[in-house]
Amino acid sequence: PPLPDAATKPMREWVYRNGNGIAIAIHGRWDTPHGKEIRWRVPDGDYHEGLGELKTEDIPLYGTELLESRPDETVVFCEGEAAVDACRDNGLLAITNPGGAGQRRFGSSLEILRNRNVELFPDNDPPGRLLMQTIQASLRPIASSVSVLNPGKNIPYKGDAVEFFGMGGTLEELRTRAEPTIEHIDHDQIRLSMPVELQEVRGDIVFLFENIR
């Protein structure tokens, strides 16, 4: 579809940079009466030209330039830049992929997460959960650990970190699991954590499955 009338300047822009901080692509968003419109451009181009020959899987993760300087922090993987910004406003080291819920190819962009602890923050809808399942499978061979955050069931349908923190959610609530979680540690190793809360005991029962075929 054509760009909105005021296409010369989007209402919001997010710059995707490589590990050296060099801008690779810029994501723009317009809020229109018909919903949001998003477009891409390269740093020296405009939104009418788009990305040219640059493919989505060749674009670094949003926030790649922040990871090297914070090597010991857990990385929160969100869907969308607005969710990333909400997480960062609450002290988290957050990133996202450029292709949204429909992206299935990531090129070498996930390599920046090698040997990192990663928490996935899915949007509250089937496409969002499917995206995080795809990312989880891609990260199994390279990340130190991959777990799925459980923001609770009060987030509206299609909600994400923006709604979670906007409704007064806290980091403690975000990381307090109310449902069992599965962490794929390696291709043949899975850790299942089941939260329990008894009168005097609160924590996790953890099962480790190894040599799985």
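Start with the salt bridges: a search of the whole structure finds 7 of them. The model you have open is predicted. We will visit some of these pairs, then the strands and a helix.

**Stop 1: Glu13 and Arg41**

Select Glu13 and Arg41. They form a salt bridge. The closest N and O atoms are 3.5 Å apart. Now look at where each residue sits. Glu13 lies in strand E1 (residues 12-17), and Arg41 lies in strand E3 (residues 35-41). The two are 28 residues apart in sequence, so the pair ties together separate parts of the chain.

Arg41 counts as buried, because its relative accessibility is 14%.

**Stop 2**

What holds strands of a sheet together? Strands pair through backbone hydrogen bonds, either parallel or antiparallel. Side chains in a regular strand alternate between the two faces of the sheet.

Pick Thr32: its bridge partner in E3 is Gly35.

**Stop 2: helix H2, on the sheet**

Which residues of H2 are buried? Color Glu81, Ala83, Val84, Asp85, Ala86 and Cys87. These are the buried ones. Their cover includes E1, E2, E4, E5 and H4.

Step past the helix to Gly91. This glycine follows H2, and its phi is positive, near 90 degrees.

**Stop 3: Arg29 and Asp31**

Go back to the salt bridges. Select Arg29 and Asp31. Their side chains meet in a salt bridge, at 3.0 Å from N to O. Asp31 is partly exposed, with a relative accessible area of 42%. Arg29 also counts as partly exposed, at 26% relative accessibility.

**Stop 5**

Now select strand E4 (residues 75-78) and strand E6 (residues 117-120). They run parallel, and 3 bridges join them. Find Val76: its bridge partner in E6 is Glu119.

Which residue is its bridge partner in E7? The partner is Ser147.

Next, show helix H3 (residues 126-139). What do E6, H3 and E7 make together? They make a β-α-β unit, and the unit is right-handed. Trace the path from E6 over H3 to E7 in your viewer.

**Stop 4: Lys158 and Asp125**

Select Lys158 and Asp125. Here is another salt bridge, with the closest N and O atoms 3.7 Å apart. The pair links distant parts of the chain. Lys158 is in the loop between E7 and helix H4 (161-166). Asp125 is in the loop between E6 and H3. The two residues are 33 residues apart. Asp125 counts as buried, because its relative accessibility is 5%.

Look at the backbone of Lys158 too. Its phi is positive, about 75 degrees, although Lys158 is not a glycine.

**Stop 5: Asn115**

Move to Asn115, in the loop between E5 and E6. Its phi is near 65 degrees, a positive value in a residue other than glycine. Is Asn115 buried or exposed? At 60% relative accessibility, Asn115 counts as exposed.

**Last stop: color by confidence**

Color the chain by pLDDT. The chain averages 88, and 91% of the residues score at least 70. Which element has the lowest mean pLDDT, and which the highest? Strand E8 (residues 181-186) has the lowest, at 70. Strand E5 (residues 93-96) has the highest, at 98.

Conventions:
Residues are numbered from 1 along each chain as its sequence is written. This is a predicted model: local features need pLDDT of at least 70, side-chain atom pairs count only at pLDDT 80 or more; totals for chains, interfaces and linings use all residues. Side-chain values use heavy atoms; hydrogens and water are left out. Two strands pair if DSSP finds at least two bridges between them. Helices (H or I, at least four residues) and strands (E, at least two) are DSSP runs, numbered from the N terminus. A crossover is right-handed if, with the strands pointing away from the viewer, the path from the first strand over the helix to the second runs clockwise. A salt bridge is a side-chain nitrogen of Lys or Arg within 4 Å of a carboxyl oxygen of Asp or Glu. Buried means under 20% relative accessible area, exposed over 50%, partly exposed in between (1.4 Å probe, protein chains only). pLDDT is the predictor's confidence in each residue, from 0 to 100. Contact means heavy atoms within 4.5 Å.
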